[in-house]
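Reader: I would like to go through this structure and ask what stands behind each description. Please set the values against the definitions.

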Amino acid sequence: MTSQHPEEFGYGHVVESYVTRMYGGLPRYLVLNGGRFLGPRWWHTTRFTRHLLNDAASITDEELEALLGYEWRSRLTAAWLIGVDRRERFRARIGDLLLASEVCYSGGAYCFALARFGSHADAEILTAYLDCYLPRADLHYDQPAALGALLRLDALLGTHHADRFTEPDGLWDEWVKGMGRLGYPSHTPADQRRWTDLQCDFANGWRRL
């Protein structure tokens, strides 16, 4: 997949409007990536969330496509907006980007969007991603986020897609061992499920206001 600046499509405004808008001295994409808005003590949570919900509802599909075709900051932000608004028509696009794993950081946002969509099709995309990348014990990509999203979907759908990954001495354990040798901290499936739940419950809760 190629990366093109939105200006090339006549959407030069989208980065400033949706990606780099500032909150507490930080651009939106960094706030989304760090997750500080998920905690109760950040002073800017209400304003940040109100703007996020408004933008998720008002941004056009064309503007989202312009963001998804650019770099990681834009893709991360677009995926969050898609997930918050549950624009399921972007499922295939999000799945393609996740499986391609072209850029850093944005994969976790793709997983959030798929978890928000909440269907069997989304579970299949996440399963395909884990089948591809969990055997790569030399790559620290978005395996934790994908597993967390899949565990949430299993709980919602009554399925067991994640079981074969999380069985003792299975692919997840082997991947965690590989990451340990590379100096990365360990991840437990329960921790990843809790993080996905926190993200999705945040979106659910604010949408009810």
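Author: This is a predicted model. Of the 209 residues of the protein chain, 49% count as buried, where buried means under 20% relative accessible area.

Reader: What makes up the secondary structure of the protein chain, and in which order do the elements run?

Author: The protein chain has 12 helices and two strands. From the N terminus the order is α-β-β-α-α-α-α-α-α-α-α-α-α-α.

Reader: Why is the protein chain called as compact as a globular protein of that length?

Author: The globule rule is 2.2 Å times the number of residues to the power 0.38. For 209 residues this rule gives 17 Å, and the radius of gyration of the protein chain is close to that, at 17 Å, so the chain is as compact as a globular protein of that length. Along the principal axes, the C-alpha atoms fill a box of roughly 50 × 40 × 35 Å.

Reader: How do you know what span to expect of helix 5?

Author: The expected span is 1.5 Å times one less than the number of residues. Helix 5 (residues 72-85) has 14 residues, and its reach of 20 Å from first C-alpha to last is close to the expected 20 Å.

Reader: What follows helix 5?

Author: R86 follows helix 5, and its phi is positive, near 50°.

Note on methods
Residues are numbered from 1 along each chain as its sequence is written. This is a predicted model: local features need pLDDT of at least 70, side-chain atom pairs count only at pLDDT 80 or more; totals for chains, interfaces and linings use all residues. Side-chain values use heavy atoms; hydrogens and water are left out. Helices (H or I, at least four residues) and strands (E, at least two) are DSSP runs, numbered from the N terminus. Buried means under 20% relative accessible area, exposed over 50%, partly exposed in between (1.4 Å probe, protein chains only).
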